[in-house]
Amino acid sequence: MMKALLTSYFVFVFCMVNVFAQNDVNVMLIVRNTGIKILDNGDTIRVFGFAENLGSQPDVPGVTIYANEGDSVHIDLFNVSQGAPHTIHLHGLDVNQQNDGVPQLSFEVEHMDHGYYHFKAPHAGTYLYHCHVESPIHVQAGMYGLVIIRPSDGSNTTWNGGPYYHKELSLFMSEIDTVWHSDSVLNHPYDTSLAVTPAPLPIYNPQFFLVNGSSGQQLIDNSVELNTQAASRNYIRLTNIGYYGNRVILPTALNSKIIASDGRSLPQVEYTDTVYVYPGERYGVLAEADIEFVDSIKIEYFDLNTYAVKGVEYISVNVSGFNSVEEAVNSKNNLSVSPNPYAEKAIITVKIVAESLVSIQIIDVKGRLVKDFENAQKAAGIYTYQISNYIETSGIYFVTLSLDGRVVETQKLIKK
Amino acid sequence: MKKIITLLVFGCAVLSTRAVDVSETLYINRGEFVASDGNAFAYMAFNRTQNFAKENAIIEVGVDDNLELKIINNDTIVHGFNVKNYIGVDSEIQPGDSITVTCSFSSESVFVYYDSYNYPNNVYMGLSGMIVVSDNSFSKFYWNIKEHQQTYNDTIAKGYSVDWQSYYPDYFTINGESAPNINIDTKARVTGSVNETIYLYITNTGQSIHSMHFHGYHLEIMYSSKYTAHVGRSKDTFPIHSLEGLVLKLVPDKTGEYPVHDHNLVTVSGGGIYPMGMFITMLIQ
């Protein structure tokens, strides 16, 4: 009996280890400071950046680093550029001092040297890496990229046990001031005998406003867009590495809600179609349209000293409908509320297609729980719940349906 | 006997948390701000004595304490006094005159007090500080962050107007200091040990929005004067608007020296030179 129990235990542990295997993720980043970037008006500028291999030129932004929560990530930074040394700061990943990338507090990587950075992938979320040597100059020069940590199982969920999404879109904002890309600025003084070398900074007055390194027509040419379907859940990662603020205005029909920031879930979901993203911040937004439409995400870039909007970019949004009734049923429509708006009573109808842990909640616009209807294992079938006097105040509420711990559907509910 | 001891212990506990009367006197002083590169420009501050110092006084009170604040205008022009997000204390003070205001704060928080006269010129010239409201006994550190455009200070000091739509500050400070000197300020430089609870009180008394990024750790928002719904968020980067306050909680999980700086990286400069700006380090041992 004891032997059988022990065997079962070890089989279970072995299976669990393999289900969520913690892998080694090895990344090589080649530093170059002679990259060329083509701007939206056809002009070219010199950039610094991270290339994926010795045969390629750096792109702006650099390659995105992906890992799963719990993975051991090892980055080999190979500096093949002449001039000042470089580092990578792992922004938001809360690494130890040695791996933090601030040259005077850890180490810097000289020409033709390798620097090795190691970290264990923390909470699933959106993070950054960028050079921290003469950081105002090197970041503006293009030395930045995203780090995306997925849940332990690598699934399309926002974090372990978090909401599922069908599609993901990263919008990574920055600006370009072409003056900062002149040789006189990029070839700044650097004295390795000093903790930090003083360097003059030009007035910052950017002329180009980037999303994922593109602006204007480039965004269309490079397919920086959200193409999705009604009833599909989209996870939009918003990141700002520029020196201006971003006001991201999403189409109202996307029914957006902020669920995460800086690699952590929010204690209270924020329902909004406008997200402010300040330098160094990241936000995770779940967006799910009920209807077919064509619109755009508007991104304003505003000066943090004067609050004046200095640039605007648009990301096209195309939400298509369903191809068939079957597709619509399979995709969604598990949750309905009728009548809606309602005055005194309404009925929530839930269709469960397979046995699941079912949770149904009503929350208000500030994300506060108003009523917890159900939280139990339910067989496949159709279930109804009556809303009567749980809501006293007129306004907008949300009914959420969660299956096995994941929010799969949300309906807006209006109390008259 | 046991009951008496219990009552005594309870009585002591009540006494230790009871609101008290706090009296403070602030002088409005005019002087000169000497930046990290030696450049100097006109400046003003609320100080506890008649002698000008570029750092505004930090006032600390407990929750529900009765704060009686006497403000003496030690200058030659009219000034004002107000507390942001607090009703009933907005006042004018004639040259050489004084006023007394009383306030009480009902929860742990941080407020900005400032010169409300001729807004925003007087507050921009330096007349703005913080009121910390706290009953906790954790380690505390204080950042009054601000930016300055040298030419604007000298222009306003001469009585002329400036164009705020062209504002482009060239000095960026925490408690009136920039890197590297700010690390000497023991009120500002976060020091502590692993697993210690540390509170950080931040006000932005400048005109710009600042976006403070912490290396090494996420911190929890305990209070936000502008966005109350943000309380409880765990973040590494914290935008802070003009005349707003934040209280953050840090519980370090590892040792090390980690920077904090505005991630609008232009602010990590002074007089146009990197890195003499808004850059400080935390030391966890």
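Tutor: Please do, and keep in mind that this is a predicted model. Let us begin with the bridge partners: in S20(B), B:Ile273 is the bridge partner of A:Pro200.

Student: Why are strand S10 of chain A and S20(B) called paired?

Tutor: Strands pair if DSSP finds at least two bridges between them.

Student: What makes residues of chain B count as being in contact with chain A?

Tutor: Their C-beta atoms, placed from the backbone, must lie within 7 Å of those of a partner residue. By that test, 37 residues of chain B are in contact with 36 residues of chain A.

Student: Which strand gives the most to the side of chain B that touches chain A?

Tutor: That is S19(B), with four residues. Strands of chain B that each supply at least two residues include strand S14 (210–214) and strand S17 (237–240). By class, this side of chain B has 16 nonpolar, 16 polar and five charged residues.

Student: How do you know that domain 1 of chain A touches domain 2 of chain A?

Tutor: Chain A is divided into domain 1 (169–320) and domain 2 (334–415), and their C-alpha centres lie 34 Å apart. Contact, however, is judged between residues, by the limit of 7 Å. Five residues of domain 1 of chain A are in contact with four residues of domain 2 of chain A, so the two domains do touch by this definition. The residues on the domain 1 side are two nonpolar, one polar and two charged.

Key: Residues are numbered from 1 along each chain as its sequence is written. Chains are lettered from A and ligands numbered from 1 in the order in which they are written. This is a predicted model: local features need pLDDT of at least 70, side-chain atom pairs count only at pLDDT 80 or more; totals for chains, interfaces and linings use all residues. Ala, Val, Leu, Ile, Met, Phe, Trp, Tyr, Cys and Pro count as nonpolar, Asp, Glu, Lys and Arg as charged, and the others, Gly among them, as polar. Domain bounds come from an automatic or database domain assignment.
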